[in-house]
Amino acid sequence: MTQHIASALLFLAGLINFLPLFAITSADRIARAYGIDTSDPNTEILLRHRALLFGLLGGFMMLSAFRHALQPYAIIAGALSMAGFILLAYLAGDYNDSIRSIIRADYLALALLVAAIALKLLTRN
């Protein structure tokens, strides 16, 4: 039962990472998601590619909820990605409210991953 809960937590963390994929469909969605101007095509390309990569990472994390052998890799990849974004935002400072919301979502997803790790460790003993 504990393994199922850990998998569900990992799935939810993956879903949080997967959701930006929906912004890939338009520059307007990207602009709203990040609270920035995407009139520069280079910025639009980079942010749409970011959405694609998060979709891939989130999909991998959700898949690992059902393929337990993949879970350590998904947890590490997800945690590094989210912690990295939080660190970069902290170092840059002066970010907008949209980025602040993304940081909060990353903290939530990291908390889900930590809980999943704790549950997995409990089932090993």
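Trainee: Before we start, what should I know about the numbering and the model?

Mentor: Residues are numbered from 1 along each chain as its sequence is written, and side-chain values use heavy atoms, with hydrogens and water left out. Since the model is predicted, local features need pLDDT of at least 70 and side-chain atom pairs count only at pLDDT 80 or more, while totals for chains, interfaces and linings use all residues.

Trainee: How many helices and strands does the chain have?

Mentor: Helices (H or I, at least four residues) and strands (E, at least two) are DSSP runs, numbered from the N terminus. Here you get 5 helices and 0 strands. Reading from the N terminus, the order is α-α-α-α-α. The C-alpha atoms fill a box of roughly 55 × 30 × 15 Å along the principal axes.

Trainee: What share of the residues is buried?

Mentor: Buried means under 20% relative accessible area, exposed means over 50%, and partly exposed is in between (1.4 Å probe, protein chains only). In this chain of 125 residues, 37% are buried. As for the surface, accessible areas come from the Shrake-Rupley method with a 1.4 Å probe, and for residues only the protein chains shown count as cover. The chain's accessible surface comes to about 7500 Å², with 69% of that belonging to carbon and sulfur atoms.

Trainee: Which residues does A116 touch?

Mentor: Contact means heavy atoms within 4.5 Å. A116 is in helix α5, and A116 counts as buried because its relative accessibility is 1%. Leaving aside neighbours within four places in sequence, A116 is in contact with A6, L9 and L10. Now look at R50: its C-alpha atom is 25 Å from that of A116, and the two residues are 66 apart along the chain. For the chain as a whole, take the contacts with a separation of 6 or more: 67% of them are between residues 24 or more positions apart.

Trainee: Which side chain does S7 meet in a polar contact?

Mentor: A polar contact is a pair of N or O atoms within 3.5 Å; within protein, one must be able to donate a hydrogen and the other to accept it, and residues adjacent in sequence count only if both atoms are side-chain atoms. The side chain of S7 joins that of Q71 at 3.0 Å. S7 belongs to helix α1 (residues 2-18) and is buried, at 7% relative accessibility. If you skip residues up to four places away in sequence, S7 touches A65, H68 and Q71.

Trainee: How many salt bridges are there?

Mentor: The rule asks for a side-chain nitrogen of Lys or Arg within 4 Å of a carboxyl oxygen of Asp or Glu. That gives 2 salt bridges. One joins R48 and E44, at 2.7 Å from N to O. These two are separated by about one helical turn, because they sit 4 residues apart in helix α3 (residues 41-64). R48 is partly exposed, at 25%. R100 and D97 also meet in a salt bridge, at 2.8 Å from N to O. Both lie in helix α5, 3 residues apart, about one turn of the helix. R100 is partly exposed at 30%, and D97 is exposed at 58%.

Trainee: How many aromatic pairs does the structure hold?

Mentor: Rings of Phe, Tyr and Trp (its six-membered ring) pair if their centres lie within 6.5 Å; planes under 30 degrees apart count as stacked, over 60 as edge-to-face and the rest as tilted. There are 2 aromatic pairs. F11 and F66 are edge-to-face, with 6.0 Å centre to centre and 75° between the planes. This pair links distant parts of the chain: F11 is in helix α1 and F66 in the loop between α3 and α4, 55 residues apart. F11 is partly exposed at 30% relative accessibility, while F66 is exposed at 64%. F18 and F22 are also edge-to-face, at 6.0 Å centre to centre with 85° between the planes.

Trainee: Where is D94, and is it buried or exposed?

Mentor: D94 lies in the loop between α4 (71-92) and α5 (97-124). D94 is exposed, with a relative accessible area of 81%. Its phi is near 50°, a positive value in a residue other than glycine.
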